[in-house]
Amino acid sequence: MAPPNEPVNSNLGLVKSESLEQIFDLSNGKFSVRGVPLLSQVPENVSFSSFSSICQSSDTPPSILQRVLALSHKGGFFGFSQVEPSDRLINSLGSFSGRDFLSIFRFKTWWSTQWVGNSGSDLQMETQWVLIDVPEIKSYVVIIPIIEGSFRSALHPGSDGHVMICAESGSTKVKVSSFQAIAYVHASENPYNLMKEAYSALRVHLNTFKLLEEKKMPNLVDKFGWCTWDAFYLTVNPVGVWHGLKDFAEGGVAPRFVIIDDGWQSISLDSEDPNEDTKNLVLGGEQMTARLHRLDEGDKFKKYQGGLLLGPNAPSFNPKTIKDLIAKGIEHEHLQKQRDEAIQSRSSNLAEIDSKIQQVKKEIDDLFGGEQNDATKRECGSCSCKAKEYGLKAFTKDLRTKFKGLDDIYVWHALCGAWGGVRPGTTHLNSKIVPCKLSPGLDGTMDDLAVVKIVEGSIGLVDPNQANDFYNSMHSYLAESGITGVKVDVIHTLEYVCDEYGGRVELAKAYYDGLTNSIVKNFKGSGIIASMQQCNDFFFLGTKQVSLARVGDDFWFQDPNGDPMGVFWLQGVHMIHCSYNSLWMGQMIQPDWDMFQSDHVCAKFHAGSRAICGGPIYVSDNVGSHDFDLIKKLVFPDGSVPKCIYFPLPTRDCLLKNPLFDQKTVLKIWNFNKYGGVIGAFNCQGAGWDPKLKRFRGFRECYKPVSGTVHVTEIEWDQKKEATHMGEAEEYVVYLNQAEELCLMTPKSEPIQFTIQPSTFELYFFVPVTKLGGSNIKFAPIGLTNMFNTGGTILELEYVESGAEIGAKIKVKGGGNFLAYSSESPKKFLVNGSEVDFEWLPDGKLTLNLPWIEEAGGVSDLAIFF
């Protein structure tokens, strides 16, 4: 065995194929697992190979490699061969029916979600993996289409239950006729182990990505933040950002990070002066055919004068102007759709629509009125402002001067620079306008304005040989300007423009390597959030360094298709995306559940899920529009959050169900805190994917109360080493955060019954009960009940026996109502060394109010003696 700090380069043929055959067998047109047929009618041109016969060497860290080797008999690879070489090959892997499955498919180029069914024909186009239930042997099998050579694969539905695999290079110049390992198959009795084991095996086999456990997390992972997108869209400007942060600080929840989203860059349309920014952009869509013409900030940030917002004459900000601009932007967008429809139908109303469009454009220009540009030019009014600084660097310096707790400032950019890439001839880079070509596999995905616009405008693609220079040029400038990380978006446009560059895999490798190298060099190796990236290409090729990525579609505050109920049902859809995507994405990245708005009608619904998401919590509130009471249930006054120690996943009884429109399933997701577990139950019913319409839509008949049960054994305690011992407790106290109820439960108890209203939730906290010393006193600390993640407020717990006294010492972060379960009333309760009064009730509730002590970082030391 190699030294523990050195990679192992091992021949993986140590596991004999005989042991593999006890798991899988392909013969006589049937593919079986432990003797149970899984796929029938398997074509003769399909092969199956053991893991060890295909995967011969790897530089994976020893601990992961040896874990994979020990389980390698549980997995293997499908291949197939055809007569004619092609850049796109489709082949059946066999058929199945009458077996429940869970799958993940791409519903847009960038976004993936859950789908269930019971036949290969029920699969959706662009399926990223399918998990099949095999109850005869109490097991599950996952089939994962992967990368082989320059080809990437996905699963598609076939007729008569067939599972089709589609392997494509994306380049008409790159063709093959056969594959040895184009899909990976793995079996396990535990569905969560299944995903962990399968992606660990692929880490070893592909050796092109890293698992989450190998990577450093960004600083903001346990912090509260603000993203500017829904607050401003493309109108984002320094004065608005400043006043937004000021709002939060004055409300008592100062963000520890801010993401300056799309709208800050130097972009222009091809029809405009290549040296000037496009003016007066409002909504997403208008900028999608524009390209970078410089690699630094746009004029509205470049003209910012240092000290401007620190002095007594700091410009004011009117949030209503931004809201009016957004409203006019939406009106303009609707008129443009009407114009397109009028052209298609040859309507006589075209002239009238054009007149309205010009009127709205004028109203938008009047609302801008030069105000935001003039505001950045004012004198700062400070006598000490001698050598004036300008631009992004001056702005970030002023932000940090004013907002002392602001640890991180991120900015947005598209993978190709801007939505339309980089404008040729405007930078030192060699960029070229490349027309977009969509794979036929995307025909089954949802209509998307972004795709329409990008195809319309093509992409200014920087030569992949300059990818390192491209990203380093952008990022080194940003780092020197005080930016600590980037949100990289629009990632999967590369597959549109890969024909001339060796195909999608080769182009992606060049770009992801350049991005990876730059993140290491400029942002401490972890200052990145990946977004619009939910396709297997990215996860298999782009996650060597990325450790935080989005697991859901964007937060939509209303339905863009006009369904008035969308304001409600879209929120449940978002939770389904995040929960089920985490099953596979969570093996490689920390799931990021995205932002929401605290004053939205479903804000509390979102907040409940974010409380136990295990990652950063951030909002996109408009300036002046906040529910601080709600935010304070998520965030401590210092801007940190009580974070779970894992990421939430659906409970087993939800895995193969449809929590969106089966009218009977409540989404239940489990996670861990340091001293207990939690299950969140969310009624997401009321919407879902419609395969015929190829979009999400409301199912009004499903938007109703749903009943179900919850039990402590539904927490998968063995999925985190630190939590395993908690699953061995004889008894638990259960706290219902929303109902404010407390009860006891054992692993053999009957489950708790519930009925949950639409777009509402309950959080169930399960804390092991400890018998103190040799007595019959039972005790369990629960946490602060005024926080959604009640259990996350317990930082440390120690049970003590000191002479005649027995008790517990607890460190709690936060201020508010502390709750513990105690079968008897304590004799003494100390807080920070001083004895205090407390309340104890015969039902076991032990409570007292804790102050937030700033000097102690909000941490209180509790000592409870009996």
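Tutor: Start with angles: under 35 degrees counts as roughly parallel, over 145 as roughly antiparallel, 65 to 115 as roughly perpendicular, the rest as oblique. The model is predicted: local features need pLDDT of at least 70, side-chain atom pairs count only at pLDDT 80 or more, and totals for chains, interfaces and linings use all residues. Numbering runs from 1 along each chain as its sequence is written, and side-chain values use heavy atoms, without hydrogens or water.

Student: OK, at what angle do α8 and α9 cross?

Tutor: Roughly 160 degrees, with the axes coming within 9 Å. Helix α8 is residues 319–345 and helix α9 is 350–368. (Axes are lines fitted to C-alpha atoms over the stretch in contact, with angles from 0 to 180 degrees between N-to-C directions; helices are DSSP runs of H or I, at least four residues, and strands runs of E, at least two, numbered from the N terminus.)

Student: How are α8 and α9 oriented to each other, then?

Tutor: α8 and α9 are therefore roughly antiparallel. The crossing is left-handed: the near helix is turned anticlockwise from the far one by less than a right angle.

Student: Which residue classes make the contact of α8 with α9?

Tutor: 11 nonpolar, five polar and eight charged residues. (Nonpolar is Ala, Val, Leu, Ile, Met, Phe, Trp, Tyr, Cys and Pro; charged is Asp, Glu, Lys and Arg; the others, Gly among them, are polar.)

Student: What gives most to the lining of the largest cavity?

Tutor: β8, with three residues. The lining includes Thr 113, Trp 115, Phe 661 and Trp 689. By class it has six nonpolar, four polar and no charged residues.

Student: And which element gives the most to the second largest cavity?

Tutor: α8, with three residues. α5 (229–232) also supplies at least two. Among the lining residues are Phe 232, Ile 322 and Lys 323. One charged residue is in that lining, beside six nonpolar and one polar.

Student: What volume has the second largest pocket?

Tutor: About 560 Å³. Of its 21 lining residues, Leu 212, Glu 213, Tyr 646, Gln 719 and Lys 720 are the closest to its centre. The lining divides into seven nonpolar, six polar and eight charged.

Note on methods:
On a 1 Å grid over the protein atoms alone, a cavity is a set of points where a 1.4 Å probe fits but cannot get out, and a pocket is an open set with protein on both sides within 12 Å along at least five of seven lines; lining residues have an atom within 4 Å of a point. Grid points are joined across faces, edges and corners, and a volume is the space filled by probe spheres set on the points.
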